[in-house]
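Work through the exercises below with the model open. Each task is followed by a stepwise solution.

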Amino acid sequence: MPRFLHTADWQIGRQFSTFDADTAPLLAEARFAAVERLAQLATEYAVDAVLVAGDVFDAQTVSDKTIRRLFQLLAGFAGPWLLIPGNHDAALAESVWTRAERLQCVPANAHLLLAPEVRSFAERGFAVLPAPLRQRHTYDDTTAWMDTADTPAGLLRIGLAHGSVQGLLHDGIDSPNPIAPTRCDTARLDWLALGDWHGLKQVQPRMAYSGTPEPDRFPNNEPGYALLVDIAAPGAEPQVTPLPVARYRWRKEALALQLASDVDAAEALLAAVQPHDVLQLTLSGQLDWAGYQRLQAAVGVAEARARCLIVEQGALRMAPTDDDLAALHADGYVGELLAELRQQSAAGQDGAQDALALLATALWQQGAAA
């Protein structure tokens, strides 16, 4: 029974420039670690080939060192690696692929499928029909040629493509690099390994996106997997098993805070943060000074423990109570200003609440520093 490991969207060389200088290199390094993990899984499950459905590299301009390092990692699995270009690393006349060939760093078991032509692996029971992207965007279906492609009798027909299956996106979106949702039927494919969608998505029994093996963004669409695909014989329905690969868990949370119990919930969420978490937390609402202090303390502890914690607090306001203001012991002009802002805030005057919060916070911080 032929067995495959389907993966895509490695995005090797991505820089993560929006992250701080401590975090970005570790996120980039995790992408290399994902390839090491894929090689281990391919060996462990004794697959007949690893199907890499495009966007192996994040850009055409990655360094020679990055290219060499990536291909060196493929030594972890001795069987065939079948790689096609995607939109980030399209097979242009001069591309990251032509550089790899000039560098003579592509191992013999790595098959760069840079043209739409059948490759037969008869000893392993399959033929592959690749649909490489030879430009970043096209509005022609690059898989159409598969319908009339002949393959040796008795071999599985395995397709490889990178693009957007039509009908999956929101109505009205005209996506580039289209792929017909009926391609497996019209081309008699036993499996169509797809790349471009960064989450795991089974389109139909013979067609799926594996998603990126290492998450690189916050939408929760099940990234971080590869697909183990078993096909008993030509025409048999594939048996598909997701295998976890990712080192880091990316997620997005939002909390609206108003009551002390809301702060309890925020503390519990932050206490559960682990070293493998990349968390974006959006906070809104308003808190008194005690609640605000509790929250900031919990954020500080979680920041030190997480791989990365991004906290957006622009919509969170500190609303001091009368007791909070009395505890400041402000007198003179500052005391008069606090009282005036308090009255304006109670009356709903625009900007008064924010001004009161800013002044009170500054006074608390000054007192804490003293």
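This is a predicted model: local features need pLDDT of at least 70, side-chain atom pairs count only at pLDDT 80 or more; totals for chains, interfaces and linings use all residues.

**Exercise 1: Aromatic pairs**

Task: How many aromatic pairs are there? Describe the geometry of Phe-16 with Phe-19, then that of Trp-197 with Tyr-209.

Solution: 
Step 1. Apply the rule: rings of Phe, Tyr and Trp (its six-membered ring) pair if their centres lie within 6.5 Å; planes under 30 degrees apart count as stacked, over 60 as edge-to-face and the rest as tilted.
Step 2. The count by this rule is twelve aromatic pairs.
Step 3. Phe-16 and Phe-19 pair edge-to-face, at 6.1 Å centre to centre with 75° between the planes. Both Phe-16 and Phe-19 are buried.
Step 4. Trp-197 and Tyr-209 form a tilted pair, at 5.9 Å and 35°. This pair links distant parts of the chain, twelve residues apart. Trp-197 is in the loop between strand 10 (191–195) and strand 11 (201–204), and Tyr-209 is in strand 12 (residues 207–209). Strands are DSSP runs (E, at least two residues), numbered from the N terminus.
Step 5. Look for a cluster: Phe-16, Phe-19, Phe-218 and Trp-250 form one.

**Exercise 2: Around Asp-230**

Task: Which strand holds Asp-230, and which side chain makes a polar contact with the side chain of Asp-230?

Solution: 
Step 1. Asp-230 is in strand 13 (residues 225–230).
Step 2. Its relative accessibility is 10%, so Asp-230 counts as buried.
Step 3. The polar partner is the side chain of Arg-3, at 2.6 Å. A polar contact is a pair of N or O atoms within 3.5 Å; within protein, one must be able to donate a hydrogen and the other to accept it, and residues adjacent in sequence count only if both atoms are side-chain atoms.
Step 4. Leaving aside neighbours within four places in sequence, Asp-230 is in contact (heavy atoms within 4.5 Å) with Met-1, Pro-2, Arg-3, Glu-237, Pro-238 and Gln-239.

Methods. Residues are numbered from 1 along each chain as its sequence is written. Side-chain values use heavy atoms; hydrogens and water are left out. Buried means under 20% relative accessible area, exposed over 50%, partly exposed in between (1.4 Å probe, protein chains only). Helices (H or I, at least four residues) and strands (E, at least two) are DSSP runs, numbered from the N terminus.
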